[in-house]
Amino acid sequence: MNSFDEHQLDLIADALVEQGYWVVDDALPKFLLNSLQIHFNELQSDEFKAAGIGRQTDFQVQETIRSDKIHWIQPNTEITADFLQWMDSLRVGLNRRLFMGLFDYESHFAHYPVGAFYKKHVDAFRGNRKQGQSNRVLSTVLYLNDAWRLGDGGELLLYAEDDANKVIETILPECGRLVIFLSEKFPHEVLPAKRERKSIAGWFRVNEGAL
Ligand code: OGA
Ligand code: MN
């Protein structure tokens, strides 16, 4: 079945309430991960664009802050539709448990060439929500790299909510690992990758009309 299992959803929901983030290994079935890896590799380099900061009119490419290349995911292939269906089961499962009102999900493949990084940032600012500029509430990152080793760089550092200098988690971008965190709460960064690094970053959003 194309959905998260109920027990896994319970664990994720409990962790989000207790600490605001969670790391799940093997969250998605192996065949889907493999298909996503293949799909990623089949995308042509001109299908990836320099990632930016901000949205719409605020959009700027700022290579001093991030140097990954991205490709937005649409449900236009069997594999991406399958992935989005999985993530939708997470959305529905969390809404049932936590009444988060998660409305939709946007996501992109991210390619970090050797040397690429993403400096410390938060994915959403609470102040912006009222202005409707950002309605991302829950961030996800799924990694697609086989056999990532200590020393390969590219770790995701998660910083404490109340102390942006205190690292609370160092996460290797290992295939099948899914990181989930509250978008407004946790500063985080991607250290420079010493080998190519592939991931899917995504955000569950709330309906702006409901804010
Ligand atoms: C992002 C991000 C983290 C990662 O794309 O906003 O923080 O580990 N990605 O790729
Ligand atoms: Mn981020």
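Biologist: What should I know before I start?
Modeller: The model is predicted, so local features need pLDDT of at least 70, side-chain atom pairs count only at pLDDT 80 or more, and totals for chains, interfaces and linings use all residues. Residues are numbered from 1 along each chain as its sequence is written, chains are lettered from A and ligands numbered from 1 in the order in which they are written, and side-chain values use heavy atoms, with hydrogens and water left out.

Biologist: Which residues come nearest to ligand 1?

Modeller: Among the 13 residues around ligand 1, the nearest are His121, Asp123, Tyr143, His188 and Arg197, where near means having a heavy atom within 4 Å.

Biologist: And which polar side-chain atom lies 2.8 Å from an oxygen atom of ligand 1?
Modeller: That atom belongs to Arg197, while an N or O atom in the side chain of Tyr143 is 2.5 Å from an oxygen atom of ligand 1; a polar contact is a pair of N or O atoms within 3.5 Å.

Biologist: Which strand gives the most to the shell?
Modeller: Strand 11 does, with 4 residues, and strands here are DSSP runs (E, at least two residues) numbered from the N terminus.

Biologist: Switching topic, which space does ligand 1 take?
Modeller: Ligand 1 takes the space of the largest cavity, a cavity being a set of points, on a 1 Å grid over the protein atoms alone, where a 1.4 Å probe fits but cannot get out. A molecule sits in one if more than half of its atoms lie within 2 Å of its grid points.

Biologist: How many residues line the largest cavity?
Modeller: The lining has 21 residues, counted if they have an atom within 4 Å of a point.

Methods
A polar contact is a pair of N or O atoms within 3.5 Å; within protein, one must be able to donate a hydrogen and the other to accept it, and residues adjacent in sequence count only if both atoms are side-chain atoms. On a 1 Å grid over the protein atoms alone, a cavity is a set of points where a 1.4 Å probe fits but cannot get out, and a pocket is an open set with protein on both sides within 12 Å along at least five of seven lines; lining residues have an atom within 4 Å of a point.
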